[in-house]
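Please read it alongside the sequence and coordinates.

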Amino acid sequence: MPVTDVQHDLDTRTLTITADFAAPVDRVWQVYADPRQLEKVWGPPSHPATVIDHDLSPGGRVTYFMTGPEGEKYAGYWNVTAVDAPTSFSFEDGFADLDFNPNPDLPVSINVYSFTAHEAGTRAVFTGTYDTAEALQQVLDMGMVEGASSAIAQIDDLLAA
Amino acid sequence: MTEHAEDRADAMFHALADRTRRDIMRRVLAGEHSVSALAAKYDMSFAAVQKHVAVLERAGLLTKRRTGREQLTSGDVNAVRSVAAMLGELEQVWRGRIARIDELLAAPATPPVAPPVAHPDAPPIHQED
């Protein structure tokens with residue numbers, strides 16, 4: 001398993017996962033630059049992804065849907081905010097309807113993926129920040145605590161913020 | 001995530017995306033409250049508070065029981081905790097993607113990609129290791 005580190009940062013509300021791949025940086029970049037490769041890795045085997053639009057450039061948009069076992073479809077989109085090929089790109093990842101109109105009621109995550117040469121391969125750092133106002137964040141904060149008293153303290157912090 | 005977990009997540013996120021409902025959660029996690037006692041804490045109608053309580057109940061975040069004419073509500077600590085499990089699921093989503101990238105990178109025949117554009121000042125590329 002190439003994952004070498006996982007961090008849950010409560011203060012910045014960020015999930016950071018580090019993985020080492022046995023391939024050069026350019027090759028790892030192609031996984032994201034090529035929609036046919038991206039769709040192979042994005043959805044789980046039970047919900048394969050189909051990438052429709054794919055513009056991996058600043059201001060560009062990537063749209064995809066995943067198809068469940070019963071044929072049900074879940075659509076999502078990326079708003080690409082920054083690209084520094086082949087070493088990093090940033091995007092907002094959100095949910096959409098099947099016409100790819102963003103769904104404002106569901107969380108949007110801010111993501112930064114970066115790739116650097118490491119030993120004979122590539123070290124990838126994936127960060128996702130879940131900042132949709134309070135919704136997802138609130139839930140994550142509460143999920144990190146043990147017991148009711150800590151849960152109350154977390155909610156208090158949020159209400160005081 | 002499974003569809004069921006996604007539906008539960010949607011219900012929880014929706015329930016907690018409201019200031020009053022989070023405040024109600026804070027109170028009912030601390031101890032059982034009657035809906036009328038809760039209603040007295042907010043500058044809104046009993047019916048409005050009752051509606052908020054119903055949203056939280058549907059999301060599985062609090063439970064209601066009735067004694068006499070009173071409806072008593074308390075926060076479900078386990079439901080709040082199960083959110084930790086959802087974060088764990090999210091991590092598993094990422095781990096799954098990483099495992100698939102690893103597999104794809106290890107696959108022998110990958111479609112040809114555009115050759116890298118050589119920098120004018122770059123030395124010639126040598127293929128041998």
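The points below concern a predicted model and are grouped by topic.

**Nonpolar cores**
- The largest nonpolar core contains 24 residues, and Phe21(A), Val28(A), Val31(A) and Ile101(B) have the most contacts inside it.
- Two or more residues of this core come from each of β2 (14–21), α1 (25–33), α2 (35–42), β4 (61–67), β5 (73–84) and β6 (88–96) in chain A, and from α5 (77–106) in chain B.
- α1(A) supplies the largest share of this core, with five residues.
- Beyond its neighbours within four places in sequence, Val31(A) contacts Gln37(A), Leu38(A) and Val41(A), as well as Ile101(B) and Leu104(B).

**Helix pair in chain B**
- The axes of α2(B) (residues 19–30) and α4(B) (residues 46–58) come within 10 Å and cross at roughly 75°, so the two helices are roughly perpendicular to each other.
- On the α2(B) side the contact is made by Thr20(B), Arg21(B), Ile24(B) and Met25(B), and on the α4(B) side by His52(B), Val53(B), Val55(B) and Leu56(B).
- Of the residues in this contact, five are nonpolar, two polar and one charged.

**Confidence in chain A**
- The average pLDDT of chain A is 77, with 75% of the residues scoring at least 70.
- Within chain A, strand β3(A) (residues 49–54) has the highest confidence, at 95, and helix α4(A) (residues 147–160) the lowest, at a mean of 33.
- Across residues 137–161 of chain A, pLDDT stays under 50, and the model has 48 contacts beyond four places in sequence for this stretch.

Notes: Residues numbered from 1 in each chain as written. Chains lettered and ligands numbered in written order. Predicted model: local features only at pLDDT ≥ 70, side-chain atom pairs only at ≥ 80, totals over all residues. Core = buried A, V, L, I, M, F, W, Y, C linked by C-beta atoms within 7 Å. Buried ≥ 20, exposed ≤ 12 C-beta atoms within 10 Å, placed from the backbone. Helix = DSSP H or I, 4+ residues; strand = E, 2+ residues; numbered from the N terminus. Contact = placed C-beta atoms within 7 Å. pLDDT = per-residue confidence, 0-100. Axes fitted to C-alpha atoms, helices over the stretch in contact; angles between N-to-C directions. Parallel < 35°, antiparallel > 145°, perpendicular 65-115°, else oblique. Nonpolar A, V, L, I, M, F, W, Y, C, P; charged D, E, K, R; others polar.
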